[in-house]
Every structure is written in structure tokens, then in C-alpha cells.
Amino acid sequence: MKSFAAERGSASVEFALVLPVLLLVLVAVVEVSVVGRLQLELIGAARQGARVAATHPDPGQAVEAVHQALDEGLESSVIVTVERPAIVGRPATVELELSHRVFAALFGGMPVRLSARSVMRVER
């Protein structure tokens, strides 16, 4: 029969081996959450820009609506493209593109390209 004194240090060794893996999984979950939040934010901003593009003839107003829908700090890094024909009933398109670095704190970052596109018919 083994004594508990001989196995006392094994739990510490196992914990030391498992801890880095658990921390890596935790960081990965946080990064996936951040990327998901950014993607949802881009989709909402593209939708808001398409609404404005469908109702206003000036594409600059659609770009401004996109910037207002985004969180502070993202406006300068998002590329906004607006296509708005002058003919009523044609599609107005707003496309957004953002380059985000995941795992920037750990490995220097890996670039991920996020994009969103929204289309609405021109109303006036």
C-alpha cells in the first residue's frame, strides 16, 4: 500500500503541466469573443450606412453614419466603400473592411480580415 506522503507532490506537478494549456484556452476564448463582437459591430454599422445611402444621395452621409455606428477608435481603421446609384430602386451597397490582429499580446499577432456588406434599395 502506498503512502499519501509519496503522492503529495504529484498534484502540484500535474497542475503545473495543465495550467499553461488552460490559460491558452482561456486566451483563445477571449480572442474569439473579441472577433465576434467586432464582426457584429461591423455588420450593424454596414446596415446603418446602407439605410442612409438608400435615403440620401450623398455617399459622405453614409460614411458618416458608419463612423457614428462604430465604437470610438475603430473609425480610423475601417475602410468604408459606398456605391449608391442615382436611380430609385437600384441597390445601394455599403462595404466595410477591418484588419484585426488576434493574439497580439502573446505572439505579436496574427492578422484577421473582417468584413461586412449591406445592400438596400435606393428610395429617393
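Two strands are taken to pair if DSSP finds at least two bridges between them, and helices (H or I, at least four residues) and strands (E, at least two) are DSSP runs numbered from the N terminus. On that basis E1 and E2 pair in the antiparallel sense over 6 bridges, while E2 and E3 do so, likewise antiparallel, over 12 bridges.

The model is a predicted one, in which local features need pLDDT of at least 70 and side-chain atom pairs count only at pLDDT 80 or more, whereas totals for chains, interfaces and linings use all residues. Residues are numbered from 1 along each chain as its sequence is written, and side-chain values use heavy atoms, with hydrogens and water left out.

**The sheet**

The three strands form an open sheet in the order E1-E2-E3, with antiparallel pairing. Its edge strands are E1 (78-83) and E3, each of which pairs on one side only, and the twist from one strand to the next averages 15°; here axes are lines fitted to C-alpha atoms, for helices over the stretch in contact, and angles run from 0 to 180 degrees between N-to-C directions. Some individual bridge partners are set out below.

| Residue | Bridge partner | Strand of the partner |
|---|---|---|
| Thr81 | Glu95 | E2 |
| Ala92 | Met120 | E3 |
| Val94 | Ser118 | E3 |

H1 touches E1, E2 and E3, and its direction makes about 30° with that of E3; H2 touches E1 and E2, and its direction makes about 145° with that of E1.

**Helix H1**

The 46 residues of H1 should span 68 Å at 1.5 Å a residue, and this agrees with the 68 Å between its end C-alpha atoms, the expected span being 1.5 Å times one less than the number of residues.

**The nonpolar core**

A nonpolar core is a set of buried Ala, Val, Leu, Ile, Met, Phe, Trp, Tyr and Cys residues joined through side-chain atoms within 4.5 Å, and buried means under 20% relative accessible area, exposed over 50% and partly exposed in between (1.4 Å probe, protein chains only). The largest such core has 22 residues, and those with the most contacts inside it are Leu42, Leu70, Val78, Leu96 and Leu98. Two or more residues come from each of H1 (10-55), H2, E2 (91-102) and E3 (110-121), with H1 giving the most, 8 residues. Leaving aside neighbours within four places in sequence, Leu96 is in contact with residues including Leu42, Ala45, Val66, Val78 and Leu114.

**Two contrasting residues**

Thr93, in strand E2, is buried, with a relative accessible area of 7%. Beyond residues up to four places away in sequence, Thr93 touches Thr81, Val82, Glu83, Arg117, Ser118 and Val119.

Gln61, found in helix H2 (residues 59-69), counts as partly exposed because its relative accessibility is 36%. With residues up to four places away again not counted, Gln61 touches Val52 and His56, and its C-alpha atom is separated by 13 Å from that of Ala46, 15 residues apart along the chain.

Note on methods. Contact means heavy atoms within 4.5 Å.
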